[in-house]
Amino acid sequence: MKSVNNLFSSLQNGQKAKKHLISIPKTKIVCDILDILLSEGYICGFTHVKQDFTQNCLSGDSKYENRIQVLLKYVNEEPVIKKIKQVSSSGCRVYIGSKKIQDLPSIYFLI
């Protein structure tokens, strides 16, 4: 769940800072959430990259970290994602019945 929190805070902070591209660590759940956000039109796209994050000067060995670059979406120079929040976390699970989901306002996006 730490990676999901990292994704959400990176998306929100990147949009507030008017960045067009953010980079986050790659995990399966992050890729799945980004697929949903892409299909729903909240982001322009994302791609997987290998990023060199350390280089040992003595041996010349490089270590690579798998990361995802996310292309953020703006409409009329306004961010598409203004606020994003994880309601249920590993420390505090939140459950909701199927009938209550239908009653949620349309501003909520559930994953």
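Modeller: Let's take Ile24, which touches Leu7, Ser10, Val30, Leu34, Arg67, Ile68 and Val70 once residues up to four places away in sequence are set aside. Touching, or being in contact, means having heavy atoms within 4.5 Å. Please keep in mind that this is a predicted model, in which local features need pLDDT of at least 70, side-chain atom pairs count only at pLDDT 80 or more, and totals for chains, interfaces and linings use all residues. Residues are numbered from 1 along each chain as its sequence is written, and side-chain values use heavy atoms, with hydrogens and water left out.

Ile24 sits in strand E1. Strands (E, at least two residues) and helices (H or I, at least four) are DSSP runs, numbered from the N terminus. With a relative accessible area of 2%, Ile24 is buried; that word stands for under 20%, while exposed stands for over 50% and partly exposed for anything in between, using a 1.4 Å probe and protein chains only.

Setting aside neighbours within four places in sequence, Leu34 is in contact with Leu7, Ile24, Ile43, Phe46, Ile68 and Val70. Both Ile24 and Leu34 are listed among the residues with the most contacts inside the largest nonpolar core, as are Leu7, Leu11, Ile43, Ile68 and Val70. That core has 18 residues. A nonpolar core here is a set of buried Ala, Val, Leu, Ile, Met, Phe, Trp, Tyr and Cys residues joined through side-chain atoms within 4.5 Å. Helix H1 (2-16), strand E1 (21-25), helix H2 (28-39) and strand E3 (62-72) each give two or more residues to it, and the largest share, 5 residues, comes from H2.

Helix H1 is worth a stop of its own. Gly14 belongs to this helix and counts as buried at 3% relative accessibility. Apart from residues within four places in sequence, Gly14 is in contact with Lys19, Ile22, Leu72 and Tyr74. The C-alpha atoms of Gly14 and Val70 are separated by 9.9 Å, although the two residues are 56 apart along the chain. Gln12 is another residue of H1, and it too is buried, with a relative accessible area of 17%. Beyond its neighbours within four places, Gln12 is in contact with Lys82, Lys83 and Ile84. A polar atom of the Gln12 side chain lies 3.4 Å from the backbone nitrogen of Ile84.

Lys18 lies in the loop between H1 and E1, and its phi is near 60°, a positive value in a residue other than glycine. Lys18 counts as partly exposed, at 44% relative accessibility. Asn76 also has a positive phi, about 55°, without being a glycine. You will find Asn76 in the loop between strand E4 (74-75) and strand E5 (78-79), exposed with a relative accessible area of 73%.

A search of the whole structure finds 1 salt bridge, meaning a side-chain nitrogen of Lys or Arg within 4 Å of a carboxyl oxygen of Asp or Glu. Asp32 and Lys28 form it, and their closest N and O atoms are 3.3 Å apart. Because these two residues are 4 apart in helix H2, about one helical turn separates them. Asp32 is partly exposed at 35%, whereas Lys28 is exposed at 63%.

Now zoom out to the whole chain. It has 3 helices and 5 strands, running α-β-α-β-β-β-β-α from the N terminus on. Of its 111 residues, 23% are buried. Among contacts with a separation of 6 or more, 61% join residues 24 or more positions apart.

Note on methods
Polar contact = N/O pair within 3.5 Å; in protein donor to acceptor, adjacent residues only side chain to side chain.
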